[in-house]
Amino acid sequence: MRIACPFCGERENGEFTYLGDAKPQRPAMVALDAGVGASGEQEAFYDYVYLRDNVAGEMSEYWYHGGGCRSWLVVQRNTMTHEISSVKAAAGTGAAAVKASARS
Amino acid sequence: MKYSIFSLARAALSGHRNWSRTWRDPQPKSHYDVVIIGGGGHGLATAYFLAHTYGIRNVAVLEKGWIGSGNAGRNTTIIRSNYMLPGNTGFYELSMKLWERMEQDLNYNTMVSQRGIVNLYHSDAQRDAFARRGNVMRINGIDAELLDQAQIRRMMPFLNFENARFPIQGGLWQPRGGTARHDAVVWGYAHAADKYGVDIIQNCEVTGFTHDQNGKITGVETSRGKIGAGKVGMAVAGSSSRVAAMAGLRLPIESHVLQAFVSEAIKPLLPGVVTFGAGHFYVSQSDKGGLVFGGDLDGYNSYAQRGNMPVMEDVCEGGMALMPMIGRVRLLRQWGGIMDMSMDGTPIIDRTPVDGLYLNAGWCYGGFKATPGSGLVFAQLLATDTPHEEAKRFRLDRFQRGAMIDEKGQGAQPNLH
(Lines give C-alpha, C1' and ligand atoms only; values in the text may rest on other atoms or scores of the structure.)
Protein backbone atom coordinates (compact mmCIF):
# COMPACT_ATOMS: atom_id res chain seq x y z
CA MET A 1 0.00 0.00 0.00
CA ARG A 2 1.38 3.40 -1.04
CA ILE A 3 -0.14 6.75 -0.26
CA ALA A 4 0.24 9.71 -2.64
CA CYS A 5 0.78 12.59 -0.23
CA PRO A 6 -0.36 15.84 -1.90
CA PHE A 7 2.80 17.55 -0.59
CA CYS A 8 5.47 14.84 -0.87
CA GLY A 9 4.31 12.54 -3.66
CA GLU A 10 3.77 8.78 -3.46
CA ARG A 11 5.34 7.21 -0.35
CA GLU A 12 5.21 3.75 1.27
CA ASN A 13 2.68 3.44 4.08
CA GLY A 14 5.35 2.93 6.75
CA GLU A 15 5.83 6.71 6.72
CA PHE A 16 2.24 7.25 7.78
CA THR A 17 0.36 6.77 11.05
CA TYR A 18 -3.30 5.85 11.08
CA LEU A 19 -5.93 7.54 13.19
CA GLY A 20 -9.15 6.09 11.82
CA ASP A 21 -12.52 6.98 10.33
CA ALA A 22 -12.72 10.67 9.36
CA LYS A 23 -16.51 10.75 9.42
CA PRO A 24 -17.39 11.06 13.14
CA GLN A 25 -17.56 14.67 14.34
CA ARG A 26 -16.84 15.50 17.94
CA PRO A 27 -20.17 16.57 19.51
CA ALA A 28 -20.49 20.08 20.90
CA MET A 29 -20.16 20.25 24.69
CA VAL A 30 -22.27 23.33 25.42
CA ALA A 31 -25.00 21.68 27.46
CA LEU A 32 -22.60 19.26 29.16
CA ASP A 33 -20.53 22.20 30.39
CA ALA A 34 -23.63 24.04 31.57
CA GLY A 35 -24.88 20.89 33.35
CA VAL A 36 -28.14 20.75 31.38
CA GLY A 37 -29.31 18.11 28.96
CA ALA A 38 -26.28 16.11 29.91
CA SER A 39 -27.69 12.67 29.20
CA GLY A 40 -28.25 13.34 25.49
CA GLU A 41 -24.74 14.68 25.17
CA GLN A 42 -23.29 11.78 27.10
CA GLU A 43 -25.04 9.53 24.63
CA ALA A 44 -23.56 11.52 21.74
CA PHE A 45 -20.07 11.28 23.26
CA TYR A 46 -20.43 7.55 23.88
CA ASP A 47 -21.34 7.18 20.24
CA TYR A 48 -18.42 9.37 19.11
CA VAL A 49 -15.77 7.74 21.29
CA TYR A 50 -16.76 4.07 21.29
CA LEU A 51 -19.06 3.11 18.40
CA ARG A 52 -17.80 2.55 14.88
CA ASP A 53 -19.33 2.10 11.44
CA ASN A 54 -16.37 -0.21 10.74
CA VAL A 55 -16.94 0.32 7.04
CA ALA A 56 -16.45 -2.62 4.68
CA GLY A 57 -15.72 -0.76 1.46
CA GLU A 58 -14.88 2.88 0.69
CA MET A 59 -13.96 4.77 3.84
CA SER A 60 -12.52 8.24 4.37
CA GLU A 61 -9.89 8.21 7.08
CA TYR A 62 -7.22 10.29 8.76
CA TRP A 63 -3.56 9.46 8.17
CA TYR A 64 -0.61 11.44 9.54
CA HIS A 65 2.51 11.76 7.38
CA GLY A 66 4.97 11.65 10.30
CA GLY A 67 7.79 10.32 8.12
CA GLY A 68 7.47 13.20 5.68
CA CYS A 69 5.75 16.59 5.74
CA ARG A 70 3.96 15.91 9.06
CA SER A 71 0.60 16.85 7.56
CA TRP A 72 -2.70 15.26 8.47
CA LEU A 73 -4.38 13.81 5.40
CA VAL A 74 -7.86 12.57 4.54
CA VAL A 75 -7.48 9.38 2.51
CA GLN A 76 -10.31 7.69 0.66
CA ARG A 77 -9.49 3.97 0.85
CA ASN A 78 -11.30 0.71 0.27
CA THR A 79 -11.01 -1.51 3.37
CA MET A 80 -11.79 -4.64 1.32
CA THR A 81 -8.96 -4.14 -1.17
CA HIS A 82 -6.67 -1.42 0.30
CA GLU A 83 -7.20 0.55 -2.93
CA ILE A 84 -6.80 4.30 -2.45
CA SER A 85 -9.01 6.57 -4.55
CA SER A 86 -8.11 10.02 -3.24
CA VAL A 87 -5.76 11.80 -0.81
CA LYS A 88 -6.38 15.35 0.39
CA ALA A 89 -4.91 17.61 3.02
CA ALA A 90 -7.02 17.44 6.18
CA ALA A 91 -6.63 21.13 7.02
CA GLY A 92 -10.00 22.71 7.71
CA THR A 93 -11.75 19.40 8.46
CA GLY A 94 -12.35 17.72 11.82
CA ALA A 95 -12.21 19.94 14.89
CA ALA A 96 -11.54 23.00 12.72
CA ALA A 97 -14.80 22.39 10.84
CA VAL A 98 -16.72 21.97 14.11
CA LYS A 99 -15.33 25.27 15.43
CA ALA A 100 -16.13 27.01 12.15
CA SER A 101 -19.71 25.76 12.15
CA ALA A 102 -20.11 26.76 15.82
CA ARG A 103 -19.00 30.31 14.95
CA SER A 104 -21.34 30.68 11.96
CA MET B 1 -16.12 -43.04 14.95
CA LYS B 2 -14.22 -43.18 18.22
CA TYR B 3 -10.51 -42.61 17.79
CA SER B 4 -8.10 -44.80 19.73
CA ILE B 5 -4.96 -46.83 19.25
CA PHE B 6 -7.21 -49.68 18.10
CA SER B 7 -9.00 -47.61 15.46
CA LEU B 8 -5.60 -46.44 14.25
CA ALA B 9 -4.28 -50.00 14.05
CA ARG B 10 -7.43 -51.19 12.25
CA ALA B 11 -7.20 -48.37 9.72
CA ALA B 12 -3.48 -48.97 9.24
CA LEU B 13 -4.08 -52.63 8.39
CA SER B 14 -6.47 -51.59 5.61
CA GLY B 15 -4.04 -49.00 4.25
CA HIS B 16 -5.89 -46.04 5.82
CA ARG B 17 -8.57 -46.28 3.14
CA ASN B 18 -11.47 -46.96 5.48
CA TRP B 19 -11.62 -43.92 7.76
CA SER B 20 -15.16 -42.64 8.04
CA ARG B 21 -16.12 -38.94 7.82
CA THR B 22 -15.19 -36.94 10.89
CA TRP B 23 -18.44 -34.93 10.65
CA ARG B 24 -21.50 -35.16 8.43
CA ASP B 25 -22.37 -32.74 5.63
CA PRO B 26 -26.09 -32.25 6.30
CA GLN B 27 -28.69 -30.20 4.44
CA PRO B 28 -29.97 -27.35 6.63
CA LYS B 29 -33.25 -28.13 8.44
CA SER B 30 -36.03 -25.54 8.47
CA HIS B 31 -35.70 -24.79 12.18
CA TYR B 32 -33.17 -25.16 15.00
CA ASP B 33 -33.33 -24.29 18.69
CA VAL B 34 -30.05 -22.44 18.32
CA VAL B 35 -28.28 -21.27 15.16
CA ILE B 36 -24.65 -20.24 15.52
CA ILE B 37 -23.21 -18.03 12.81
CA GLY B 38 -19.54 -18.74 12.23
CA GLY B 39 -17.83 -22.12 11.95
CA GLY B 40 -14.56 -21.16 13.55
CA GLY B 41 -13.19 -22.51 16.80
CA HIS B 42 -15.52 -20.38 18.93
CA GLY B 43 -18.69 -21.23 17.02
CA LEU B 44 -17.97 -24.95 16.98
CA ALA B 45 -16.92 -24.96 20.64
CA THR B 46 -20.17 -23.18 21.50
CA ALA B 47 -22.15 -25.84 19.63
CA TYR B 48 -20.22 -28.60 21.42
CA PHE B 49 -20.86 -27.18 24.88
CA LEU B 50 -24.54 -26.47 24.08
CA ALA B 51 -24.96 -30.14 23.19
CA HIS B 52 -22.62 -31.65 25.75
CA THR B 53 -23.08 -29.48 28.84
CA TYR B 54 -26.50 -27.87 28.38
CA GLY B 55 -28.35 -30.66 26.53
CA ILE B 56 -29.40 -28.50 23.56
CA ARG B 57 -28.72 -30.67 20.54
CA ASN B 58 -30.97 -29.19 17.87
CA VAL B 59 -28.19 -26.80 16.87
CA ALA B 60 -26.71 -25.66 13.55
CA VAL B 61 -23.38 -23.99 12.92
CA LEU B 62 -23.44 -21.93 9.71
CA GLU B 63 -20.14 -21.21 8.01
CA LYS B 64 -19.87 -19.12 4.83
CA GLY B 65 -16.69 -20.89 3.66
CA TRP B 66 -15.26 -24.06 5.16
CA ILE B 67 -14.88 -24.50 8.90
CA GLY B 68 -11.69 -23.05 10.31
CA SER B 69 -11.03 -20.97 7.19
CA GLY B 70 -10.87 -17.69 9.10
CA ASN B 71 -8.81 -16.74 12.12
CA ALA B 72 -8.96 -20.25 13.61
CA GLY B 73 -6.53 -21.31 10.89
CA ARG B 74 -4.49 -18.10 10.82
CA ASN B 75 -3.24 -17.58 14.37
CA THR B 76 0.09 -18.40 16.01
CA THR B 77 -1.46 -21.20 18.14
CA ILE B 78 -0.42 -19.86 21.54
CA ILE B 79 -2.37 -20.78 24.68
CA ARG B 80 -1.83 -19.01 28.00
CA SER B 81 -3.70 -17.50 30.94
CA ASN B 82 -1.31 -14.75 32.09
CA TYR B 83 -3.82 -11.91 32.38
CA MET B 84 -3.96 -9.37 35.20
CA LEU B 85 -7.31 -7.59 35.24
CA PRO B 86 -10.43 -8.92 36.98
CA GLY B 87 -12.65 -10.38 34.30
CA ASN B 88 -9.76 -11.59 32.18
CA THR B 89 -7.78 -13.51 34.80
CA GLY B 90 -10.50 -15.99 35.72
CA PHE B 91 -11.86 -16.35 32.22
CA TYR B 92 -8.56 -17.24 30.58
CA GLU B 93 -7.73 -19.67 33.39
CA LEU B 94 -11.11 -21.35 32.85
CA SER B 95 -10.11 -21.67 29.22
CA MET B 96 -6.66 -23.02 30.16
CA LYS B 97 -8.24 -25.72 32.33
CA LEU B 98 -10.42 -26.73 29.39
CA TRP B 99 -7.34 -26.91 27.14
CA GLU B 100 -5.76 -29.31 29.62
CA ARG B 101 -8.55 -31.88 29.21
CA MET B 102 -9.62 -31.04 25.65
CA GLU B 103 -8.20 -34.13 23.96
CA GLN B 104 -9.97 -36.48 26.37
CA ASP B 105 -13.20 -34.47 26.22
CA LEU B 106 -13.28 -34.38 22.44
CA ASN B 107 -11.63 -37.72 21.66
CA TYR B 108 -9.41 -35.85 19.25
CA ASN B 109 -5.69 -35.16 19.17
CA THR B 110 -5.46 -31.37 19.27
CA MET B 111 -1.73 -31.54 20.07
CA VAL B 112 -2.01 -29.40 23.18
CA SER B 113 1.56 -28.90 24.31
CA GLN B 114 2.18 -27.14 27.61
CA ARG B 115 5.73 -26.22 26.78
CA GLY B 116 5.55 -22.96 28.71
CA ILE B 117 5.52 -19.29 27.83
CA VAL B 118 8.00 -16.68 28.97
CA ASN B 119 7.45 -12.91 28.70
CA LEU B 120 10.88 -11.29 28.80
CA TYR B 121 11.51 -8.06 30.69
CA HIS B 122 14.21 -5.58 29.81
CA SER B 123 14.09 -2.91 32.52
CA ASP B 124 13.51 -2.54 36.26
CA ALA B 125 10.10 -0.97 35.64
CA GLN B 126 9.05 -3.81 33.39
CA ARG B 127 10.22 -6.35 35.97
CA ASP B 128 8.06 -4.66 38.59
CA ALA B 129 5.06 -4.70 36.26
CA PHE B 130 5.61 -8.39 35.51
CA ALA B 131 6.06 -9.20 39.20
CA ARG B 132 2.72 -7.56 39.84
CA ARG B 133 1.09 -9.53 37.03
CA GLY B 134 2.65 -12.74 38.32
CA ASN B 135 1.39 -12.04 41.82
CA VAL B 136 -2.15 -11.47 40.54
CA MET B 137 -1.94 -14.76 38.69
CA ARG B 138 -0.68 -16.66 41.75
CA ILE B 139 -3.35 -15.15 44.01
CA ASN B 140 -5.87 -16.50 41.52
CA GLY B 141 -4.31 -19.96 41.58
CA ILE B 142 -2.57 -19.64 38.21
CA ASP B 143 1.03 -20.79 37.82
CA ALA B 144 3.54 -18.00 37.40
CA GLU B 145 7.20 -17.60 38.22
CA LEU B 146 9.43 -14.57 37.93
CA LEU B 147 12.77 -15.71 36.50
CA ASP B 148 16.02 -13.77 36.63
CA GLN B 149 18.54 -13.55 33.83
CA ALA B 150 20.53 -16.63 34.90
CA GLN B 151 17.40 -18.78 34.84
CA ILE B 152 16.45 -17.51 31.38
CA ARG B 153 20.01 -18.19 30.19
CA ARG B 154 19.75 -21.82 31.28
CA MET B 155 16.46 -22.14 29.42
CA MET B 156 17.39 -20.25 26.25
CA PRO B 157 21.13 -19.55 26.06
CA PHE B 158 20.88 -18.31 22.46
CA LEU B 159 18.93 -15.12 23.22
CA ASN B 160 20.64 -11.76 22.83
CA PHE B 161 21.10 -10.99 26.55
CA GLU B 162 23.63 -8.20 26.08
CA ASN B 163 21.62 -6.09 23.63
CA ALA B 164 22.84 -2.54 24.29
CA ARG B 165 19.38 -1.00 24.33
CA PHE B 166 17.23 -3.88 25.51
CA PRO B 167 19.29 -6.23 27.71
CA ILE B 168 17.25 -9.21 28.88
CA GLN B 169 16.95 -9.01 32.67
CA GLY B 170 14.61 -11.95 33.13
CA GLY B 171 11.07 -13.06 32.38
CA LEU B 172 7.66 -14.01 33.69
CA TRP B 173 7.22 -17.72 33.14
CA GLN B 174 3.93 -19.59 32.89
CA PRO B 175 4.83 -23.29 32.67
CA ARG B 176 1.26 -24.34 31.77
CA GLY B 177 1.15 -22.07 28.74
CA GLY B 178 2.15 -23.41 25.35
CA THR B 179 0.70 -24.19 21.95
CA ALA B 180 -2.00 -26.33 20.35
CA ARG B 181 -2.64 -27.41 16.78
CA HIS B 182 -5.14 -24.79 15.62
CA ASP B 183 -6.80 -26.72 12.77
CA ALA B 184 -7.14 -29.80 14.94
CA VAL B 185 -9.02 -27.72 17.54
CA VAL B 186 -11.58 -26.82 14.88
CA TRP B 187 -11.81 -30.38 13.61
CA GLY B 188 -11.96 -31.76 17.16
CA TYR B 189 -14.91 -29.57 18.14
CA ALA B 190 -16.62 -30.35 14.81
CA HIS B 191 -16.06 -34.08 15.42
CA ALA B 192 -17.40 -33.95 18.98
CA ALA B 193 -20.34 -31.62 18.24
CA ASP B 194 -21.39 -33.70 15.23
CA LYS B 195 -21.60 -36.81 17.40
CA TYR B 196 -24.25 -35.05 19.48
CA GLY B 197 -26.25 -34.29 16.34
CA VAL B 198 -25.14 -30.71 15.73
CA ASP B 199 -25.48 -29.82 12.03
CA ILE B 200 -22.32 -28.22 10.65
CA ILE B 201 -23.36 -26.46 7.46
CA GLN B 202 -20.55 -25.15 5.31
CA ASN B 203 -20.74 -22.84 2.28
CA CYS B 204 -23.77 -21.22 3.89
CA GLU B 205 -23.46 -17.45 4.16
CA VAL B 206 -25.86 -15.53 6.38
CA THR B 207 -27.32 -12.64 4.39
CA GLY B 208 -29.89 -11.29 6.85
CA PHE B 209 -32.12 -11.91 9.85
CA THR B 210 -35.84 -12.61 10.03
CA HIS B 211 -37.92 -10.98 12.78
CA ASP B 212 -41.42 -11.29 14.19
CA GLN B 213 -43.68 -8.25 14.65
CA ASN B 214 -42.07 -7.44 18.02
CA GLY B 215 -38.59 -7.34 16.49
CA LYS B 216 -37.51 -10.66 17.99
CA ILE B 217 -35.14 -12.64 15.80
CA THR B 218 -36.86 -15.72 14.37
CA GLY B 219 -34.10 -16.99 12.14
CA VAL B 220 -31.59 -16.16 9.45
CA GLU B 221 -31.64 -15.76 5.70
CA THR B 222 -28.76 -17.56 4.07
CA SER B 223 -27.31 -18.38 0.68
CA ARG B 224 -28.94 -21.80 1.20
CA GLY B 225 -32.39 -20.49 2.12
CA LYS B 226 -34.21 -19.36 5.26
CA ILE B 227 -33.39 -21.16 8.50
CA GLY B 228 -35.60 -20.64 11.55
CA ALA B 229 -34.03 -20.36 14.99
CA GLY B 230 -35.15 -19.99 18.59
CA LYS B 231 -31.96 -18.08 19.29
CA VAL B 232 -29.11 -16.90 17.10
CA GLY B 233 -25.52 -16.63 18.36
CA MET B 234 -22.90 -14.69 16.43
CA ALA B 235 -19.31 -15.97 16.61
CA VAL B 236 -17.86 -14.23 13.57
CA ALA B 237 -14.93 -12.26 15.01
CA GLY B 238 -13.35 -10.22 12.22
CA SER B 239 -16.73 -9.61 10.60
CA SER B 240 -18.86 -8.93 13.69
CA SER B 241 -19.71 -5.36 12.62
CA ARG B 242 -20.91 -6.52 9.22
CA VAL B 243 -23.16 -9.26 10.58
CA ALA B 244 -24.44 -7.07 13.43
CA ALA B 245 -25.26 -4.33 10.90
CA MET B 246 -27.76 -6.73 9.29
CA ALA B 247 -29.61 -6.60 12.62
CA GLY B 248 -29.29 -2.81 12.83
CA LEU B 249 -26.53 -2.78 15.46
CA ARG B 250 -23.37 -0.66 15.61
CA LEU B 251 -20.62 -2.21 17.69
CA PRO B 252 -17.64 -0.81 19.63
CA ILE B 253 -15.36 -2.72 17.24
CA GLU B 254 -12.97 -2.01 14.37
CA SER B 255 -11.65 -4.69 12.02
CA HIS B 256 -7.88 -4.70 11.64
CA VAL B 257 -5.40 -6.95 9.87
CA LEU B 258 -2.81 -8.92 11.86
CA GLN B 259 -0.03 -10.79 10.08
CA ALA B 260 1.65 -14.02 11.11
CA PHE B 261 4.74 -15.72 9.77
CA VAL B 262 6.40 -19.12 9.63
CA SER B 263 10.02 -19.85 8.76
CA GLU B 264 11.46 -22.91 7.06
CA ALA B 265 11.83 -25.88 9.40
CA ILE B 266 14.94 -25.97 11.57
CA LYS B 267 16.13 -28.40 14.23
CA PRO B 268 14.54 -28.13 17.70
CA LEU B 269 15.54 -24.75 19.11
CA LEU B 270 12.84 -23.07 21.16
CA PRO B 271 11.74 -24.92 24.30
CA GLY B 272 8.51 -22.93 24.56
CA VAL B 273 6.87 -19.66 23.60
CA VAL B 274 8.97 -16.50 23.98
CA THR B 275 7.79 -12.90 23.82
CA PHE B 276 10.12 -9.94 23.39
CA GLY B 277 9.30 -7.25 25.93
CA ALA B 278 10.99 -4.30 24.24
CA GLY B 279 9.08 -4.54 20.99
CA HIS B 280 6.20 -6.67 19.89
CA PHE B 281 7.44 -10.08 18.81
CA TYR B 282 6.29 -13.52 19.92
CA VAL B 283 7.61 -16.82 18.67
CA SER B 284 7.28 -20.55 19.16
CA GLN B 285 8.48 -23.53 17.16
CA SER B 286 5.98 -25.85 15.53
CA ASP B 287 6.38 -29.61 15.75
CA LYS B 288 7.40 -29.55 12.09
CA GLY B 289 10.28 -27.26 13.04
CA GLY B 290 9.18 -23.91 11.61
CA LEU B 291 9.43 -20.81 13.74
CA VAL B 292 5.90 -19.43 14.07
CA PHE B 293 5.89 -15.74 14.93
CA GLY B 294 4.04 -12.47 14.83
CA GLY B 295 3.92 -8.94 16.14
CA ASP B 296 1.76 -5.83 15.92
CA LEU B 297 -1.32 -5.11 13.88
CA ASP B 298 -0.76 -3.29 10.61
CA GLY B 299 -2.71 -0.49 12.26
CA TYR B 300 -5.38 0.47 9.73
CA ASN B 301 -8.93 -0.80 9.26
CA SER B 302 -9.00 -3.74 6.90
CA TYR B 303 -11.11 -6.69 5.83
CA ALA B 304 -8.57 -7.77 3.21
CA GLN B 305 -6.84 -10.65 5.09
CA ARG B 306 -3.45 -9.45 3.94
CA GLY B 307 -0.99 -6.92 5.31
CA ASN B 308 1.84 -4.70 4.16
CA MET B 309 5.62 -4.53 4.25
CA PRO B 310 6.30 -2.04 7.08
CA VAL B 311 4.89 -4.42 9.70
CA MET B 312 6.80 -7.38 8.26
CA GLU B 313 9.94 -5.31 8.64
CA ASP B 314 9.00 -4.30 12.18
CA VAL B 315 8.26 -7.87 13.24
CA CYS B 316 11.50 -9.19 11.77
CA GLU B 317 13.44 -6.39 13.48
CA GLY B 318 11.96 -7.54 16.79
CA GLY B 319 13.02 -11.09 16.01
CA MET B 320 16.55 -9.99 15.11
CA ALA B 321 16.87 -7.96 18.32
CA LEU B 322 15.85 -10.99 20.36
CA MET B 323 17.57 -13.87 18.54
CA PRO B 324 20.05 -12.49 15.99
CA MET B 325 20.91 -15.96 14.68
CA ILE B 326 17.51 -16.30 12.99
CA GLY B 327 18.66 -13.72 10.42
CA ARG B 328 19.82 -16.54 8.17
CA VAL B 329 16.60 -18.52 8.45
CA ARG B 330 14.36 -18.07 5.42
CA LEU B 331 10.76 -17.01 5.73
CA LEU B 332 8.48 -19.72 4.40
CA ARG B 333 5.05 -18.14 4.48
CA GLN B 334 3.23 -15.08 5.72
CA TRP B 335 -0.49 -14.39 5.92
CA GLY B 336 -3.05 -12.05 7.45
CA GLY B 337 -6.24 -12.42 9.45
CA ILE B 338 -8.93 -9.93 10.39
CA MET B 339 -9.14 -9.08 14.09
CA ASP B 340 -12.26 -7.84 15.85
CA MET B 341 -10.55 -5.01 17.76
CA SER B 342 -12.75 -3.85 20.61
CA MET B 343 -12.37 -0.46 22.27
CA ASP B 344 -10.62 -1.81 25.39
CA GLY B 345 -8.85 -4.86 23.97
CA THR B 346 -11.26 -7.23 25.72
CA PRO B 347 -13.96 -9.47 24.21
CA ILE B 348 -17.71 -9.01 24.32
CA ILE B 349 -19.97 -11.96 25.21
CA ASP B 350 -23.47 -10.74 25.84
CA ARG B 351 -27.07 -10.51 24.77
CA THR B 352 -27.74 -7.70 22.32
CA PRO B 353 -30.52 -5.09 22.32
CA VAL B 354 -32.14 -7.25 19.60
CA ASP B 355 -34.22 -9.96 21.26
CA GLY B 356 -32.98 -13.44 20.38
CA LEU B 357 -29.58 -12.30 19.08
CA TYR B 358 -26.46 -13.07 21.13
CA LEU B 359 -22.99 -11.70 20.55
CA ASN B 360 -19.57 -13.29 20.91
CA ALA B 361 -17.10 -10.77 19.48
CA GLY B 362 -14.20 -8.40 20.01
CA TRP B 363 -11.48 -11.02 20.50
CA CYS B 364 -8.75 -8.66 19.32
CA TYR B 365 -5.74 -10.91 18.74
CA GLY B 366 -6.37 -13.17 21.73
CA GLY B 367 -9.11 -15.35 20.35
CA PHE B 368 -7.36 -18.66 19.85
CA LYS B 369 -6.36 -19.29 23.46
CA ALA B 370 -9.92 -18.43 24.48
CA THR B 371 -11.55 -21.00 22.18
CA PRO B 372 -12.73 -23.56 24.76
CA GLY B 373 -13.62 -20.99 27.43
CA SER B 374 -15.46 -18.84 24.91
CA GLY B 375 -17.47 -21.85 23.77
CA LEU B 376 -18.45 -22.80 27.30
CA VAL B 377 -19.51 -19.35 28.50
CA PHE B 378 -21.31 -18.49 25.26
CA ALA B 379 -23.15 -21.81 25.40
CA GLN B 380 -24.26 -21.02 28.96
CA LEU B 381 -25.49 -17.57 27.88
CA LEU B 382 -27.41 -19.04 24.95
CA ALA B 383 -28.84 -21.89 27.01
CA THR B 384 -29.79 -20.04 30.20
CA ASP B 385 -29.84 -16.31 29.33
CA THR B 386 -27.53 -15.68 32.29
CA PRO B 387 -23.83 -14.95 31.86
CA HIS B 388 -21.27 -17.45 33.09
CA GLU B 389 -19.58 -16.40 36.32
CA GLU B 390 -16.24 -15.98 34.54
CA ALA B 391 -17.69 -13.92 31.67
CA LYS B 392 -20.06 -11.60 33.48
CA ARG B 393 -17.80 -8.58 32.92
CA PHE B 394 -17.63 -9.03 29.13
CA ARG B 395 -20.74 -6.91 28.68
CA LEU B 396 -21.63 -4.97 25.56
CA ASP B 397 -22.66 -1.90 27.56
CA ARG B 398 -19.47 -1.67 29.63
CA PHE B 399 -18.17 1.27 27.57
CA GLN B 400 -21.30 3.25 28.40
CA ARG B 401 -20.97 2.38 32.08
CA GLY B 402 -17.25 3.12 32.24
CA ALA B 403 -16.50 -0.50 33.20
CA MET B 404 -13.82 -1.14 30.59
CA ILE B 405 -11.29 -3.97 30.97
CA ASP B 406 -8.30 -2.30 29.35
CA GLU B 407 -5.39 -4.70 29.91
CA LYS B 408 -3.00 -2.53 27.92
CA GLY B 409 -4.32 0.86 29.06
CA GLN B 410 -4.63 2.35 25.57
CA GLY B 411 -8.18 3.68 25.62
CA ALA B 412 -10.55 3.68 22.67
CA GLN B 413 -7.85 3.51 20.00
CA PRO B 414 -8.17 -0.13 18.94
CA ASN B 415 -5.12 -0.27 16.68
CA LEU B 416 -2.93 0.26 19.77
CA HIS B 417 -4.27 -2.66 21.84
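Of the 104 residues in chain A, 14% are buried, where buried stands for 20 or more other C-beta atoms within 10 Å of a residue's own, exposed for 12 or fewer, and partly exposed for what lies in between, with C-beta atoms placed from the backbone. This is a predicted model, in which local features need pLDDT of at least 70 and side-chain atom pairs count only at pLDDT 80 or more, whereas totals for chains, interfaces and linings use all residues. Residues are numbered from 1 along each chain as its sequence is written, and chains are lettered from A and ligands numbered from 1 in the order in which they are written.

Chain A holds 3 helices and 6 strands, in the order β-β-β-α-α-β-β-β-α from the N terminus; helices (H or I, at least four residues) and strands (E, at least two) are DSSP runs, numbered from the N terminus. Two residues are in contact if their C-beta atoms, placed from the backbone, lie within 7 Å, and of the contacts in chain A between residues at least 6 apart in sequence, 50% join residues at least 24 apart.

Between the chains, the contact takes 18 residues from chain A and 21 residues from chain B. On the side of chain B that touches chain A, two or more residues come from each of several elements, including helix H8 (240-246), strand S12 (253-265) and helix H9 (309-322) of chain B. That side has 10 nonpolar, 8 polar and 3 charged residues, where Ala, Val, Leu, Ile, Met, Phe, Trp, Tyr, Cys and Pro count as nonpolar, Asp, Glu, Lys and Arg as charged, and the others, Gly among them, as polar.

A nonpolar core is a set of buried Ala, Val, Leu, Ile, Met, Phe, Trp, Tyr and Cys residues joined through C-beta atoms within 7 Å. The largest such core has 116 residues, and those with the most contacts inside it include Val35(B), Leu44(B) and Tyr189(B). Helix H7 (residues 182-195) of chain B gives the most to this core, with 8 residues. Apart from this core lies another, of 7 residues, among them Cys5(A), Trp63(A), Leu73(A) and Val75(A).

| Helix | Residues | First to last C-alpha | Expected span |
|---|---|---|---|
| H7(B) | 14 residues | 20 Å | 20 Å |
| H9(B) | 14 residues | 20 Å | 20 Å |

H7(B) is mostly covered, with 12 of its 14 residues buried, and its buried residues pack against helix H2 (41-52), helix H4 (102-106), strand S8 (199-201) and helix H10 (371-384) of chain B. In H9(B), the buried residues are Val311(B), Val315(B), Gly318(B), Gly319(B) and Leu322(B). Seen down the axis of H9(B), these fall within an arc of 100 degrees, so they line one face of the helix; the arc is that of the directions from the helix axis to the C-beta atoms. The face turned away from the buried side of H9(B) carries the exposed residues Met309(B) and Glu313(B).

Chain B is assigned domain 1 (23-107 + 182-253 + 344-416) and domain 2 (117-176 + 254-342), with bounds that come from an automatic or database domain assignment. The centres of these two domains of chain B, taken over C-alpha atoms, are separated by 27 Å, and the contact takes 33 residues from domain 1 and 31 residues from domain 2 of chain B.

Note on methods:
The expected span of a helix is 1.5 Å times one less than its number of residues.
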